[in-house]
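Hi,

Here is the structure I promised to pass on. Have a look at it first, and my notes follow below.

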Amino acid sequence: MASGVTQQVNDGGEPFTVEGAPWIRVVPLRTPTLPPATRTNCYLVGDAGRAIAIDPATPYSDEQDRLDDFVQLHNIRLSEIVLTHHHLDHVGDATRLAAKHGVGIAAHAVTADKLRGRVAVTREIADGERLDVGPRGLRAKFTPGHAPGHLCFVDEAASSIVAGDMVASLGTIIVEPDDGGDMRIYLESLQALRAEVAAGMRRLLPAHGAPVDDGGALLDHYVAHRLGREARVAAALTGEAQEVVALVPPAYPDVSPALYGLAARSLLAHLIKLEYDGHARRHADGRWSRA
Ligand SMILES: [Zn+2]
């Protein structure tokens, strides 16, 4: 999926520059994220005089030192910290880095709300707003679903989209209903990103894993995968009310029992969408049947 760019990355978390877009530097930093991913990419976008850091997330001091060394080595003057969404593996270093550089933290209003009491967001970014970094700036694109305040950042000069957790080239994307995740809205956001790719923004820059040159193929795969799973979940429902955990084995035959806990959370996200679409029925006791 990352053909053509895989030479840019390696397993050691070494920083790299996005091909053809030297104003986008990437520092993969170790975070408490979902295996098999072990790192979150911190995207430094801009020139040395003025750059933003998207998703500085490592809580580990040795990794924070690596980021600081990189910023210092390249004489990068940070103007703002920007967050794609509120998840812990995207925000873990925001407060420290903002204080160190004397800059603010920007995110969508919903993310700011989610982070209240944990990370102080000082500026809200609205859908469509432009951030003045790099040759032509970044355009914020509101893409809720994985997280309710999720933003992507479209870089037209690089024909690329900083995609946060909309997709991953390493690991999987979880939609967690208990934390504002919404499968129906996530699918809509995937389609909205697909339209951006069709309009020329073909390369996706995910938070976890290498850049993906053929963003359209990856997004098509994601949509097909989710709809395929939804069909399995729908097929597992019967006229009789069942517990969510009972639906996991038939709906996730390809998943090892060790991951059933995670699968049950994703399954619930599918059930909520099926309920919305009129195909599933939630009973008062939390069990589910065909509608
Ligand atoms: Zn996330």
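This is a predicted model: local features need pLDDT of at least 70, side-chain atom pairs count only at pLDDT 80 or more; totals for chains, interfaces and linings use all residues.

Let me start with a charged pair: the side chains of Arg 229 and Asp 254 form a salt bridge, 3.0 Å from N to O. By salt bridge I mean a side-chain nitrogen of Lys or Arg within 4 Å of a carboxyl oxygen of Asp or Glu. Arg 229 sits in helix 6 and Asp 254 in the loop between helix 7 (244-251) and helix 8, so the pair ties together parts 25 residues apart in sequence. Helices (H or I, at least four residues) and strands (E, at least two) are DSSP runs, numbered from the N terminus. Arg 229 counts as buried at 8% relative accessibility, while Asp 254 counts as exposed at 53%. The cut-offs are under 20% relative accessible area for buried, over 50% for exposed and partly exposed in between (1.4 Å probe, protein chains only).

Residues are numbered from 1 along each chain as its sequence is written, and side-chain values use heavy atoms, with hydrogens and water left out.

Back to the salt bridges: a search of the whole structure gives 22. One of them joins Lys 100 and Asp 68, with the closest N and O atoms 3.9 Å apart. Lys 100 is in helix 3 (residues 94-101) and Asp 68 in helix 1, so this pair links parts 32 residues apart in sequence. Another joins Glu 176 and Arg 265, at 2.5 Å between the closest N and O atoms. Here Glu 176 is in the loop between strand 11 and helix 5 and Arg 265 in helix 8, so the parts tied together are 89 residues apart in sequence. Glu 176 is buried at 13% relative accessibility, and Arg 265 is partly exposed at 37%.

Then there's Asp 165, in the loop between strand 11 (160-164) and helix 5 (183-198).

Happy to hear what you make of it.
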